Amino acid sequence: MEEEKITVELAKFGACTYAESDVIEFPWGLPGFPTLHRWLPLTVESHPSFVWFQSLEDHQVAIPTVDPWLLFENYEPKTPAYAFTSLEIREAADFATLCVVVVTPNAEEMTINLMAPILVNLRNHRARQIMLDNSTYSTREPIPRKAPASSKTA
């Protein structure tokens, strides 16, 4: 039996259809959004590296995230044990790590929160933003800009 699809109108993305199995639950909310618990991960064609967490409880709220290793190959978070326990993560294949991106108006500057990544249990669709143990990572690490391909020299 096919899962029921739900269509909603989102402020940033327009009409969006999803299944209940697509929803990621944040039982503890997110900093700044403690009452929002149900989020839909979305990607857009123009920026396929980003995953937007769209709140299903407030359609005005969408948070951009990115896999931190796409930007910082040497990222080595020391994830506290409570994160794995609370999300019921048993092995590495069970989860993904994403970090919140902040974009200034006109996209002049972008930063990433490497200090508090979001762990997503891919099996049970529960997620949590956690603070790393003894970390020197920043909550506003500048994202390096890459030169456009046309400006590269041979």
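Arginine 38 is partly exposed, with a relative accessible area of 28%, where buried denotes under 20% relative accessible area, exposed over 50%, and partly exposed the range in between (1.4 Å probe, protein chains only). The model is a predicted one, in which local features need pLDDT of at least 70 and side-chain atom pairs count only at pLDDT 80 or more, whereas totals for chains, interfaces and linings use all residues. Residues are numbered from 1 along each chain as its sequence is written, and side-chain values use heavy atoms, with hydrogens and water left out.

The structure holds 3 salt bridges, each defined as a side-chain nitrogen of Lys or Arg within 4 Å of a carboxyl oxygen of Asp or Glu. In one of them, the side chain of arginine 38 meets that of glutamate 20 at 2.6 Å, N to O. Because arginine 38 belongs to strand β4 (residues 38–44) and glutamate 20 to the loop between β2 (14–19) and β3 (24–25), the pair ties together parts that are 18 residues apart in sequence; helices (H or I, at least four residues) and strands (E, at least two) are DSSP runs, numbered from the N terminus. Glutamate 20 is partly exposed, at 38% relative accessibility.

A salt bridge also joins the side chains of arginine 126 and glutamate 88, at 4.0 Å from N to O. This pair links distant parts of the chain, 38 residues apart, with arginine 126 in strand β10 (residues 126–129) and glutamate 88 in the loop between α1 (81–87) and β7 (95–103). Glutamate 88 is partly exposed, at 40% relative accessibility.

Arginine 123 and aspartate 94 likewise form a salt bridge through their side chains (3.3 Å, N to O). Arginine 123 is partly exposed, with a relative accessible area of 44%, whereas aspartate 94 is buried at 7%.
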